[in-house]
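I opened my notebook and worked through this structure one topic at a time. These are my entries.

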Amino acid sequence: MSKIIIGRYIPGNSIIYKMDPRGKIIAAFFFIALIFLANNWITYSLITLFTFAAVFATKLKIKTFWQGVRPLIWLILFTSVLQLFFTTGGKVYWHWGILNISHYGIENSIYIFIRFVMIILMSTVLTLTTTPLEISEGMEWILTPLKYLKVPIGQIALVMSIALRFVPTLMDETVKIMNAQRARGADFNDGGLVKRAKAIIPILVPLFINSLTIAIDLAVAMESRGYREGEKRSRYRVLKWSQYDWINFAFFALLTVLLLIFRNH
Amino acid sequence: MSIEFKNVNYIYNQGTPFEYQGLKDISFNLTDGNFIAIIGHTGSGKSTLLQHFDALLKPTSGEIKLAGFDITSKTTNKNLKSLRKKVGIVFQFPENQLFAETILKDAMFGPLNFGMDADLAEKNAKKWLKRLGIKEELYEQSPFDLSGGQMRRVAIAGVLAYEPEILCLDEPAAGLDPVGRKEIMSIFKEYQKNGHTVILITHEMDDVAQYADDVLVLQQAKLIKHTTVADLFENPEWLAEHYLNQPHAARFAQTLKQNGFKLKQTPLTIEQLAKSISKKMREYNE
Ligand SMILES: Nc1ncnc2c1ncn2[C@@H]1O[C@H](COP(=O)(O)OP(=O)(O)OP(=O)(O)O)[C@@H](O)[C@H]1O
Ligand SMILES: [Mg+2]
């Protein structure tokens, strides 16, 4: 369970860590749009180079990124293989029933593969270098315009940050409860479907009760420290743009220009 | 038979950036039937060590031999049930593991899992609930209506109900009232005297002095001492260096000594202290 890397933050202090979460989130979304500008070898190579530059700029171990891609690699390969066999057009190299390997098929499957991997890598760059709390604060800022449509952005963001904050706590809690029941002879991997479903009850009941306790304690603690629903809140950490964000945007602008130039070659 | 740890290492989250070595090269031999205390500063690896007794954690390297089982990194999850029947663990805050509709059903969960027939399971569960001071009229009630201290007792009864050969306890008395603490500690002592091994993690040096035979001291994932209780508390400087304390009686004797009243032997319990003081007074009078 603890081996899952997607969505996990690893402390560090390279330049990407110093960028504002708002800028990083916008850039990450923008990147997904940019990928669809790529349409030939040169532009896909540019995207790949750019992504690897971002990965290296985090100064984190490459292995960590590989752990982020690995759980999805079969899904990606599967999609690529479908593309390979079902796309028609260009020179046909091999043919069997409805299956065929064509020039376009090969090209497309490689493009799809690159697209997937680069999107995963770039989002991993975002989540590895930005704490969940920062991401939720950044999202809150980005969604601010919705306030005028009477959407309670502040509260939604608070609920989101609390949920994110308690994911690791509840995971630890689950492991603890599972261990306690295992010690009492519970077996979670044995028997048929019904037996297994029944075996979950001794985990779910305490987990549910403990989460309620945590939630009630948290609510009391928040209210006793002055939290009131709907009141305007000041911030402990104020998000501030810095030169690093301009560097970030400048690189993305450069990439956009290059893609626009080379996509028509 | 005995409990043997041979060069046991344990690494949390191995192969990730969150890698952390929880146990470093731990080796020791414990005699069956003893009362053993595990002490050490917070975060020193006591709970990590305890989970190895039940193969809830398996050593990353090294070997453990206990209750006729061999546990290594290659041990599979099959057949662990018969090990866990022989080794009971009461975790830190065990009240968080209660789940059944009634107190009695919760206490019967372990025995039934380990293959006891329903009658015997009920008999055992009742016996230990009673021993831990849970009144009979409560048996059919929900465990969640109990007080924290009572829930703790139900959870402990749920482990004792299958009468494991080796009973492991992770700070079982933390947060209990003084009378309750004494009560359950003496239940554990009695359990040991009836021919079982008891392993207790605690921060209370008075409990170590009063109940334990041997002590394991952990510091930063390493075993830094394995000795008898009397020997451990002989040296207050060494204890202080390792963030540990003497029991109250020994500290009292230490203060007496600084004021010119020296006792022959470091007393470990209040009884020993009282005895040596009155003995010395009598010598004065003669
Ligand atoms: N699931 C886990 N993943 C990673 N590290 C862990 C995990 N559980 C414990 N640790 C680390 O291992 C070390 C030892 O933890 P352990 O719980 O064994 O300490 P302890 O001696 O029982 O402390 P305490 O007296 O506070 O209960 C701690 O530094 C802790 O951060
Ligand atoms: Mg502990």
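**Entry 1: the ligand**

I began at ligand 1 and found a polar side-chain atom of B:Thr48 at 2.5 Å from one of its oxygen atoms. I call this a polar contact (a pair of N or O atoms within 3.5 Å; within protein, one must be able to donate a hydrogen and the other to accept it, and residues adjacent in sequence count only if both atoms are side-chain atoms). I kept in mind that this is a predicted model, where local features need pLDDT of at least 70, side-chain atom pairs count only at pLDDT 80 or more, and totals for chains, interfaces and linings use all residues. Residues are numbered from 1 along each chain as its sequence is written, chains are lettered from A and ligands numbered from 1 in the order in which they are written, and side-chain values use heavy atoms, with hydrogens and water left out.

I then looked up B:Lys46, which has a polar side-chain atom 2.7 Å from an oxygen atom of ligand 1. For B:Gln92, the distance from a polar side-chain atom to an oxygen atom of the ligand is 3.1 Å. On its own, ligand 1 exposes 640 Å², and the protein buries 65% of that. Such areas come from the Shrake-Rupley method with a 1.4 Å probe; for residues, only the protein chains shown count as cover.

How many residues surround ligand 1? I found 13, with B:Thr42, B:Gly43, B:Lys46, B:Ser47 and B:Thr48 the closest. A residue is near the ligand if one of its heavy atoms lies within 4 Å of it. The shell divides into two nonpolar, nine polar and two charged residues. Here Ala, Val, Leu, Ile, Met, Phe, Trp, Tyr, Cys and Pro count as nonpolar, Asp, Glu, Lys and Arg as charged, and the others, Gly among them, as polar. Helix 1 (residues 46-52) of chain B gives the largest share of the shell, three residues. Helices (H or I, at least four residues) and strands (E, at least two) are DSSP runs, numbered from the N terminus.

**Entry 2: salt bridges**

I counted 11 salt bridges over all chains. The term means a side-chain nitrogen of Lys or Arg within 4 Å of a carboxyl oxygen of Asp or Glu. Side chains of opposite charge can pair when their charged atoms come close.

I checked B:Lys6 and B:Glu63, whose side chains meet in a salt bridge at 3.8 Å, N to O. This pair links distant parts of the chain, 57 residues apart: B:Lys6 is in strand 1 (residues 2-12) of chain B and B:Glu63 in strand 4 (residues 61-66) of chain B. B:Lys6 is partly exposed at 35% relative accessible area. The classes are buried (under 20% relative accessible area), exposed (over 50%) and partly exposed (in between), with a 1.4 Å probe and protein chains only.

Next came B:Arg181 and B:Asp207, a salt bridge with its closest N and O atoms 3.1 Å apart. The two sit 26 residues apart, B:Arg181 in helix 6 (residues 178-193) and B:Asp207 in helix 7 (residues 205-211) of chain B. B:Arg181 counts as buried because its relative accessibility is 18%. B:Asp207 is buried too, at 8%.

I also found a bridge within one helix. B:Lys126 and B:Glu122 have their closest N and O atoms 3.0 Å apart. Both lie in helix 4 (residues 118-131) of chain B, four residues apart, about one turn of the helix.

**Entry 3: a lysine without a bridge**

Is A:Lys24 buried or exposed? I found A:Lys24 buried, yet without a salt bridge. The nearest side chain of opposite charge, A:Glu134, is 5.2 Å away. For charge, Lys and Arg count as positive and Asp and Glu as negative; His and the chain ends are not counted. The side chain of A:Lys24 does reach the backbone oxygen of A:Thr129 at 3.3 Å. I placed A:Lys24 in helix 2 (residues 21-35) of chain A.

**Entry 4: positive phi**

B:Glu171 is not a glycine, but its phi is positive, about 45°. I located B:Glu171 in the loop between strand 7 (166-170) and helix 6 of chain B. B:Ala221, also not a glycine, has a positive phi of about 70°. B:Ala221 counts as buried because its relative accessibility is 3%.
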